Each structure stands twice: as C-alpha cells, then as structure tokens.
Amino acid sequence: MTAVEPKAVPGEVTTFQVASPHLEAVVRDLATELRLADMFAADGDTTTLRLVWANDTAGQAGYVITETPLETGVYPQLSDIAPAAFVEECEIYEQFGIRPATGKALNRVMLPPHAGLPPPGLPTLGHRPETEPEEARAAHTVGGQAFEFPFGPVRQVGVESLYYGLVTSGEEVVDLYLFTWHKHRGLEWRLQGTTPQQALFLAERTEGLSAVALGWAVAAAAEAATGTWVPEAAQRARAVALELERLYNHAAAMAALCQSTGLTVGQSAAEIALERLLRLNAQAFGHRYLFGVVAAGGVSRAPDADAIRALLPGAYGEFKRAADALLGTNSFLDRLEATGVLSAGQAKALGLVGPVARASGLAADARWVPGGPYGNETAVATGTAGDVLARFTVMLAEAAESVRLIGEFLDAGTAAGTADLPRTSGTGLGWAESPRGEALAWVELGRDGRITRARLRPASARNWRGFDDACRSQNVFTDIPIIEASFWLTVAGMAR
Amino acid sequence: MTEDELRETIARQFGRSLHIRTLDTGSCAVCEQEIRLLAAPHYDLNRLGFFFTPAPRHADLLLVTGPMIRAFAVAARKTYDAMPGPKIVVAVGACALGGVYPDDPFTHGAVDAVLPVDVWIPGCPPSPLALLHGLGVAVGRLAEKVRDVPFTEEPYPERTRGDS
Amino acid sequence: MTLWFIRGLRRGVVTTRYPARPDASAASLPTPPTFRLQALTSQTADRLAETCPSGALRRDGSVLVYDVGRCTACGRCAAAAPHAVIRSGEFELATTDRSTLIKEIPVRGEGR
C-alpha cells in the first residue's frame, strides 16, 4: 500500500489507497483541514470503504478520495474523530454488515425494521448484517420530566411523509430524531446494471426538486470515469438549468417560511413568484421542474434564451418584491430571528453544506471548484447568526446572484449536444451545488460501460442531521415547521 | 346504479364542497409541490369548492402520490381507514399509476395495489391544471377525455375479423 | 399590512379561469407521445419499448402496448425515433377507468 500521505490538490479530485491499519491516522490528519463530504462502501473481492473529503478553500477547492479495502470486515470508529461520519457508519452496517471496531450502538437509517424478514427480505448493496441495529439515542431526561412522542409519517397537507420522534419536557424540544426508511426506494441498488444515460432517469427522480443538480453530479461522475469532456456551451446550458432550479427552490422555501409563520399574504406573494418561475422553466427547457435536461455527456436541449430573457425579469421582480416586503415585516422577522440556531462549530462537525452551512459562517460552494463553467470571482453569500433569518437572507442573496449568472451564461452562449461516453471501466466523482447544498455522486463502471456501483449523496442526505441540533437550541414546537422550511430539504433525498 | 345515476350521486354528495387529504407513499417531492400550488393564487382550488384538510375524519378525497413503498403500506391503509365513507381515492402521477418503479421488494409499484383507487391522474408530475381536471372528474363535474384519444396521428386501421 | 394590500390590488388577479376557459400555459407542458402509424415498423416498436425507462411501452405481437398512465413524458422515445413519435399536447388525462389509459398501437406490417 502507498506510503504517500493523502493531500488535497487544488482544483482536482485525487484518489489515494490507504491500507486499513493506517486509516485511523489518515482520517485524524485529513479531518483537521478538510471536510468529510461522504463515506460509503462498495463490494468487490473485499468490501472497500471510501471516504470523500472536500477542500473548501476559495479558489482552490477540490476533493480527495481515500479507498481502503476492509479485509477483516471491521474499521476504526471514525465518527469519534469526525462526527460527520456517524450516519454513514449506520448506513454501511445496514447495507454491508460491517461495523466500526468499538461496537458502539448504531441507528437504523435507511432500511425499515426487520428488513431481513422474511428471507430474502430487501435487497442490500452487500451482505446484510445478522442482527438489527441497536439504536443509539440521546438521553431523554431534563430534570427527569421529559417524554417522547412519535409524529408522522403522515403529516400536514401537501408535505412529504416523515416520521419524527419528538422528545420534550413540555414546550421545549429536548431531542428530535427522524426516520426516513418508509421512503426508501433502493435507488443505489436500482442503478446497478444501467448505463449512465439510463441511470439519469432515476437519478433525477431521487429528489425531484434537485433534478438538475443530482443529474449533473451523476453525469459528471460518469464523464470523469470515462474521461469524457463536455463542450463548454453544453456546460453553460447545464449551469443555466441549475441556476433556474436554485431560483424556484428559493421561492418555494420563501413560501414555506411564510406558511410556517402563518403569513398567508406573504405566502401568496411568494407562490406567485414560484409559479412564474416554474412556467419560465417550462418555456426555457420544456419541463416545469427541469427533468430530462442533463444528459450523459452534455445536455439534451439548449435553453430558449429569448424566453428566459423575456420572462426572467418579471418573475424575479415578483420574487424580489415579496422578499423586500417580508424583510420589512417585523412580525415575520421576529419569528425568524434567533430561531433554529446552528453554530459554526456544529455545522462544521456535522459536515453540513449549502445555505444552512453558509448562514452559520462556513463559506463553501461546490460551484467554485475549478474546471466547471463557473468562474471563482463570484462571491459566496454567508451569514454569521446561523438562525432562520440568516438562512433566509443567504437564500435571497443567492437568488440575486443566480439571475446575474443566468444572464452571463446566456450571453456567453449555450448549446445542446452530448459527447459520446466510451464504453470503458473506471470510477469517477461528480458534484453540483443544488439549492440545498453540494450534491455528490460517485460511480464505478464495468468494462461494458454499465454501472456496478453508484453512490448518490444529495445535500438532504447530509443536512438532515443538522436539523436535530437546530431544533434543540431553545426552540418550542411551533418553531419546528419554521426551521424545517429554512432548511428546505426533502425526505426523498435522504431516504433514496 | 347506472353510470348517470352514479355521476349524479357523486355530484350531489361532493360537487359543491370537497375536502382533500394528501398522502405521500414515496414520491420524489415534486408531485407534492404541484399539489401545494393548487392553493396558490394562480390556481386557487378554493374557488371551485375544493379545500385541503389535515384531518382524515374531515376528508372526502384522498390524493395519493408515490409508488406505494412496501414499508409505508400500513400507514397508507390506516390513513384510508380513518376517513369516513363515502370517500374517493385519487392516484396522482406516473409513480402512483405503476410507472417508474415496478412491483419489486421495495415498492408495490402502484397505489392500487394497496388502496381502492377511483381516479387516476397521469403526469410526471401532473401540473396543477391536470390536477384540477382530475379533481373535476372525481366529483363528476368535468368530462373524461382520454378514453377517446387514440394517441396516433392517423386513425387506427380497420381490423378484419379473425385478427388476434 | 396596507402595503401588501395595495401591491396586491395593483398586480391584479392572476388566477386561471381553467376549467371554464383554457389556460395558455398548457401549451408548454410536457405531454405523453402520439405515434405515427406509418413510421411504426416492428424494429422501431422494439426500439421504443426498450428505450422507455418507465415501462409505458411494451411490445405484444402485432401491437405496441402503450400505457399512458405510466408515461412520464420524458421524451426519450421521441429522441430515439423522431420520425415515429410526436407531441400529443394532451394534459387532461384523468380517468375513472384505468383501462382507458392503455392503448394498443398497431405496428406496421403486422397482422392486418
């Protein structure tokens, strides 16, 4: 195995083999400088553990992947060094039957209870564990008076199914834990054996509100694996779609924030902006939610630049008027300030991404990784308070930036077109900044060019773990929907 | 009951004011966004006498998205059972109608595998206009069209007797 | 609050008149395909069935079984056989009878 220490190379993705005895030391070292973006396993002759680390330094961003074959079926307790790894440790146990060395209790995260019964039960990506996870939960007492009640999965009108366990001593939220396994569709399992182009159909539908971002990440992973270069005009077309996706999601988040605070007038104003943006998407790319735009090797269609130039000012005007009115409405702002606070330390420890992380002061954005259509001159909006209001203002700043970027990309020219992907084996990492944060995908292709292992990591899969902490910071029940709206995640993206 | 009598009964019971409960059996979240927009200013389902309700006891119609993930089926059944009759079940979107995900260990693949569906609305996602049409069909106020749409540019050729 | 009210009045009503009147935004919605029988050869039909990622197209002897309910209007069939597949423009697809969504499209040159 290599004696070279894994190091981040600015602007690139570098992969290092790390032998399992050295893994703990390497993780300790990398965790001081890099962000643990993802951790997953893949089967082969032995199960290989991969960790994806992100270097968020402005102007030099890149990724490091460490690969460790696990001959003994155990690996060191990485979540003690990097708490951001805990959810993935639980997931790896459920899918591969492999657990960290100390035998610490793990939660059920992806698969439903008793997924192994009756045999054969649910298909897993590897070898199913013999015993169920033991459930690690925070202690439930606050002066001995706390109680716990389950909430969901069927919830209020028009929202996804989600099960919370809410632990409370009355009004105050002591703990909040989520179960998303009732929305687990086995996406990573389904992608095995598909070609990258076929995979995009399901990848977009992992989390439909991030269809462009996740489609781009999967396509980019396949392109990296096969050494395919996407023409710049097609890259810019993808970027236009990604920014339109960001705009409509931020409008929808604004509407959800208004709904959660009971401000129906604001909600209606935001919904008018949202509807105009969705109709713009349909005119620009043929689908209100931008499905089917990203293709393996490029884009299936170029945007209708005339339609965008004609409709975007009006649609964004609605958005801005609603946002400005909200920022002048004190009763609304009172509900947002100091609600759902996440400190920079908490956001960093959990490896959070997107507007949630940026509002807590962590400046990182997957768009600024060199090599894509975005330059790195563009400012990344951040906040310091880490509360709902900070997240809202970060989203507003991002929306303004998106409008500017769309204009720039259209001026530089966009075109449809797909480069053919050669049928070769290989592995590759792809990424895109979804409206919720960095979306990652990693694929391994066999010699026939078909996927043998696909890893999907939408931003929701990373950010839900911050929701518990945000709800716990001196909040009451009625704050929970407000905090949920400010995160603007999906259950589908976590459950996959 | 004849078809006309049935339509009349439905229109009488539900035609003027109908309460809708939503149910997500595993969607990608986009169908939910289109459903939420039914209450938004551009569509305003309230003007047509439709209302959303969070309480199953108050609901007349269950609007169901997603491919009926097996791990969710019990919750789906409980939600349906909690609604008092008469009630209508509407399956929304390609996933709910059997597309995208097949009948396999994770998903039933279609809502009608677990719940008795009365109206099916195709789309991925069905736009709010398509949803309004579907709700109108559900209460007998709008006519169904798709039966008479051949989806061919030319008329179907005449078939001679004896063709399989 | 007065500001919100005044702005709302100034903007005017945005609510659609649908279903009483058609809505122009329907023209840009993605819709399930319509097939050109002239161009639907056996080979094309097989290619379309293989291309559909949603299980909406299935070959069954002399017909292409087309389940409009399973269609996601993704456009892959149109991209695979542009001479045989065109836009239908139909978005009012709801039905109380699931079987009305299943069309048997005759394949050219088969069993007439």
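User: Why is F50(B) called buried in this model?

Analyst: The relative accessible area of F50(B) is 3%. Buried means under 20%, exposed means over 50%, and partly exposed lies in between (1.4 Å probe, protein chains only); F50(B) therefore counts as buried. The model is predicted, local features need pLDDT of at least 70, side-chain atom pairs count only at pLDDT 80 or more, and totals for chains, interfaces and linings use all residues. Residues are numbered from 1 along each chain as its sequence is written, chains are lettered from A and ligands numbered from 1 in the order written, and side-chain values use heavy atoms, without hydrogens and water.

User: Where is F50(B) found, and how many residues separate F50(B) from G136(B) along the chain?

Analyst: F50(B) belongs to strand 2 (residues 50–52) of chain B. Strands (E, at least two residues) and helices (H or I, at least four) are DSSP runs numbered from the N terminus. Along the chain, 86 residues separate F50(B) from G136(B), while their C-alpha atoms are 9.6 Å apart.

User: What makes the contact of R276(A) with E318(A) a salt bridge?

Analyst: The N to O distance between the two side chains is 3.2 Å. A salt bridge requires a side-chain nitrogen of Lys or Arg within 4 Å of a carboxyl oxygen of Asp or Glu, so the pair R276(A) and E318(A) qualifies. R276(A) sits in helix 8 (residues 264–285) and E318(A) in helix 9 (residues 305–327) of chain A, so the bridge ties together parts 42 residues apart in sequence. R276(A), at 32% relative accessibility, is partly exposed, whereas E318(A), at 4%, is buried. Over all chains, the structure holds 47 salt bridges.

User: How do you know that the salt bridge of R288(A) and E34(B) joins two chains?

Analyst: The side chains of R288(A) and E34(B) meet at 2.8 Å, N to O. R288(A) lies in the loop between helix 8 and strand 10 (294–295) of chain A, and E34(B) lies in helix 2 (residues 30–37) of chain B, so the pair links two chains. Both partners are buried: R288(A) has a relative accessibility of 5%, and E34(B) has 0%.

User: Why are R472(A) and D469(A) said to be about one helical turn apart?

Analyst: They are three residues apart in helix 14 (residues 459–472) of chain A, which means a separation of about one helical turn. An α-helix has 3.6 residues a turn, so residues three or four places apart point the same way. The closest N and O atoms of R472(A) and D469(A) are 2.8 Å apart, and the two form a salt bridge. R472(A) is partly exposed at 30% relative accessibility, and D469(A) is buried at 18%. Elsewhere, salt bridges with shared partners join E243(A), R246(A), R358(A), D365(A), R367(A), E398(A) and E433(A) into one network.

User: What makes F5(C), I6(C) and L9(C) a nonpolar surface patch?

Analyst: These three residues make a patch of about 340 Å². A patch takes residues with over 30% relative accessible area and no salt bridge, nonpolar side chains (Val, Leu, Ile, Met, Phe, Trp, Tyr) being joined within 5 Å and like charges within 9 Å; the areas come from the Shrake-Rupley method with a 1.4 Å probe, only the protein chains shown counting as cover for residues. I6(C), at 42%, is partly exposed and therefore passes the 30% threshold. I6(C) is in helix 1 (residues 2–11) of chain C.

User: Why is helix 1 of chain C called hardly covered?

Analyst: Among the 10 residues of helix 1 of chain C, the count of buried residues is one. The helix is followed by G12(C), whose phi is positive, near 90°.

User: What is the volume of the largest cavity, and which residues lie nearest its centre?

Analyst: The largest cavity holds about 180 Å³. On a 1 Å grid over the protein atoms alone, a cavity is a set of points where a 1.4 Å probe fits but cannot get out, whereas a pocket is an open set with protein on both sides within 12 Å along at least five of seven lines; lining residues have an atom within 4 Å of a point. Points are joined across faces, edges and corners, and a volume is the space filled by probe spheres set on them. Of the 19 lining residues of the largest cavity, G123(B), C124(B), P125(B), P126(B) and P30(C) lie nearest its centre.
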